[in-house]
Every structure is written in C-alpha cells, then in structure tokens.
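The sequence and structure come first.

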Amino acid sequence: MSDETSTGLREEVRARYAEAARAVLEPRPGVTAQCVEISATGSCCGGSAGDSCCGAGSAAAEAVGGFSENLYREGETDGLPEEAVLASLGCGNPLAVADLHVGERVLDLGSGGGIDVLLSARRVGPSGFAYGVDMTDEMLTLARANAARAGAGNVEFLKGQIEALPLPDASVDVVISNCVINLSVDKPAVLAEMFRVLVPGGRIGITDVVAEDHMSPADRAAAGSYAGCIAGALSRAEYLDGLDAAGFAGASVTFTTEAAPGLHSAIIRAVKPATA
Ligand SMILES: C[S@@+](CC[C@H](N)C(=O)[O-])C[C@H]1O[C@@H](n2cnc3c(N)ncnc32)[C@H](O)[C@@H]1O
C-alpha cells in the first residue's frame with residue numbers, strides 16, 4: 001500500500017469514528033454511533049432516516065450490524081455510563097476472551113468510547129490498571145468523560161496509533177482489542193507493537209473481523225468498505241502467520257459468527273513466550 005493510500009484510509013477511518021463519537025457526545029434524534037459507523041457517508045443518518053438508512057443497503061451495513069449484536073453477557077454492562085454502552089462499536093467481547101485477573105495491567109487497542117477499558121478496570125480491581133489507546137480525539141473525549149462518570153480511578157486513555165503505541169516495552173500483562181486491527185493500514189506493525197509492550201508470558205485476547213482463507217483482497221473489498229471493518233480484514237492464515245512472525249506462540253483464530261459470506265467475527269489468542 002502506498003503512503004498516500006494508507007494516509008487516506010487512516011483519515012477516512014478517523015473521520016468515520018469521530019462522527020460516531022459525536023453521535024453520542026451531541027445526541028440527535030435517530031442518529032446513533034452504530035448508525036454512523038455503518039452508513040457509507042453518515043449523512044443519511046443525520047435526518048429522520050435513522051434505522052431505515054442504517055439497517056438496509058450495503059453488504060457492509062448488514063455485515064457490521066451482524067457483527068455488533070449481543071456482544072456482552074447479560075448484566076455485564078450494568079452500572080456503566082449509558083454513553084459508554086451507546087458508543088460500543090465492537091464485534092465481540094474481548095474480556096470474555098482474555099480471562100482477566102485481579103491486579104493485571106491491560107491495554108485496549110482502539111478503545112473508542114471506553115466500554116472495554118471500563119469493564120477491564122472493574123475486573124482487574126484497584127490493584128490493576130487499564131489503558132486505552134485511540135487516535136481519534138472525539139473518541140478520547142468521550143472515553144475520558146465516561147471514565148469520570150464511572151468514577152474509574154485505575155484507567156487512562158492515551159492518544160496514539162496502534163502501530164506505534166505510546167507505552168514502554170514490557171509494561172502490560174494483557175492486550176485486548178475489539179474490532180480495530182482490521183482498520184489498521186500496517187498490521188505487521190500492530191502485531192509487533194503488541195509483542196513489544198507485553199511482559200514475557202503476557203497474552204493477547206482479541207476480537208476482530210477475519211476473512212476465510214479463500215477470500216482474496218478483491219473479494220473482501222467487494223464485500224464492504226475499509227472504514228466499515230470489512231475490506232481491511234485479514235484472513236485466518238494471514239493472522240496466524242503475522243502473529244508467528246511477530247514472535248507470538250500458541251496462536252489461534254476461532255470464528256464465532258458469520259456476519260457476511262466468508263467474513264466472521266473471530267477470537268484471536270496468543271502468548272508472548274516467557275523466555276526468548
Ligand atoms: C470499530 S471502533 C471500536 C471501538 C471499541 N473498541 C469498541 O469496541 O467500541 C474502532 C476504534 O479504533 C480507533 N482506531 C482505528 N484505527 C486506529 C489506529 N490505527 N490507531 C488508533 N486507533 C485507531 C477508532 O478511532 C475507533 O475509536
């Protein structure tokens with residue numbers, strides 16, 4: 001991918017998620033964060049079209065709608081600020097994947113409105129800590145407001161790109177992420193950065209959109225947009241090869257829900273070996 005293409009895609013992603021954050025920060029009738037996420041332009045959600053715009057039309061809309069349903073277990077989000085739940089744009093439940101323990105330090109890549117950081121902070125307790133990293137100012141504003149509303153003292157939201165994480169080497173026990181790595185324009189850099197910030201023996205518990213191996217890049221692009229979490233999806237083999245190249249061990253990619261032909265919500269697990 002040329003520098004120009006990757007810069008353009010990154011800005012498209014940033015604009016899409018800035019608008020999704022604004023839909024929660026500055027509520028308007030009929031406009032939700034999910035609606036903005038799945039609309040090709042966002043503009044048709046600005047009027048009264050609401051769900052009729054968001055629920056129908058493109059394969060991407062159908063796909064992301066399918067990825068986004070019933071992510072959290074009953075009662076799991078009780079007590080969180082409504083704005084954090086409204087801004088949920090994931091495709092799985094990375095906490096269920098990561099099996100967090102009291103006292104652990106957790107990092108969420110592409111933390112959005114902060115839902116998974118706040119849930120992680122609860123799980124690891126006051127002796128643990130949860131960081132979120134996001135590149136979109138509006139999402140950071142929303143996430144920090146949600147943390148204040150939740151009274152969460154063991155969280156921090158950092159501005160940055162997941163391809164160049166603003167954290168030191170070996171500083172977290174677990175990396176989680178919910179439907180973000182597919183949006184990166186440099187996935188090998190993201191996998192290398194996850195490896196760098198994890199302590200030896202640390203682990204990843206990720207949910208993402210993943211393509212079946214027979215889906216060519218052209219097939220994926222035909223199925224939906226890049227900013228809508230479809231065109232940039234890795235295939236299962238590409239994920240496993242990438243994790244191996246970054247140094248991870250015991251990697252697995254498990255499909256959970258097929259939300260569009262050949263495209264799945266998936267759970268990705270791997271560990272950083274305890275010794276080199
Ligand atoms: C699909 S939303 C998911 C948000 C959150 N994980 C959730 O489950 O609600 C993607 C988020 O990742 C952020 N993002 C996308 N690409 C990024 C990158 N390269 N670096 C940092 N953040 C990124 C966007 O700003 C957005 O907040």
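The model is predicted. In it, the ligand sits in the largest cavity. The shell around the ligand consists of 23 residues, and the closest are Leu89, Gly110, Asp134, Thr136 and Ile162. Sorted by class, this shell holds 10 nonpolar, nine polar and four charged residues.

| Residue | Protein atom | Ligand atom | Distance |
|---|---|---|---|
| Gly110 | backbone N or O | nitrogen | 2.8 Å |
| Asp134 | polar side-chain atom | oxygen | 2.6 Å |
| Met135 | polar backbone atom | nitrogen | 3.2 Å |

Met135 has a polar backbone atom 3.2 Å from a ligand nitrogen. How much of the ligand's accessible area does the protein cover? On its own the ligand has 600 Å² of accessible area, and the protein covers 99% of this.

The remaining points concern Leu109. Leu109 belongs to strand E1, which spans residues 105–109. Is Leu109 buried or exposed? Leu109 counts as buried because its relative accessibility is 0%, and the cut-off for buried is under 20%. Leu109 and Gly160 are 51 residues apart along the chain, and their C-alpha atoms are separated by 9.6 Å.

Key
Residues are numbered from 1 along each chain as its sequence is written. This is a predicted model: local features need pLDDT of at least 70, side-chain atom pairs count only at pLDDT 80 or more; totals for chains, interfaces and linings use all residues. Side-chain values use heavy atoms; hydrogens and water are left out. A residue is near a molecule or strand if one of its heavy atoms lies within 4 Å of it. A polar contact is a pair of N or O atoms within 3.5 Å; within protein, one must be able to donate a hydrogen and the other to accept it, and residues adjacent in sequence count only if both atoms are side-chain atoms. Accessible areas come from the Shrake-Rupley method with a 1.4 Å probe; for residues, only the protein chains shown count as cover. On a 1 Å grid over the protein atoms alone, a cavity is a set of points where a 1.4 Å probe fits but cannot get out, and a pocket is an open set with protein on both sides within 12 Å along at least five of seven lines; lining residues have an atom within 4 Å of a point. A molecule sits in a cavity or pocket if more than half of its atoms lie within 2 Å of its grid points. Ala, Val, Leu, Ile, Met, Phe, Trp, Tyr, Cys and Pro count as nonpolar, Asp, Glu, Lys and Arg as charged, and the others, Gly among them, as polar. Helices (H or I, at least four residues) and strands (E, at least two) are DSSP runs, numbered from the N terminus. Buried means under 20% relative accessible area, exposed over 50%, partly exposed in between (1.4 Å probe, protein chains only).
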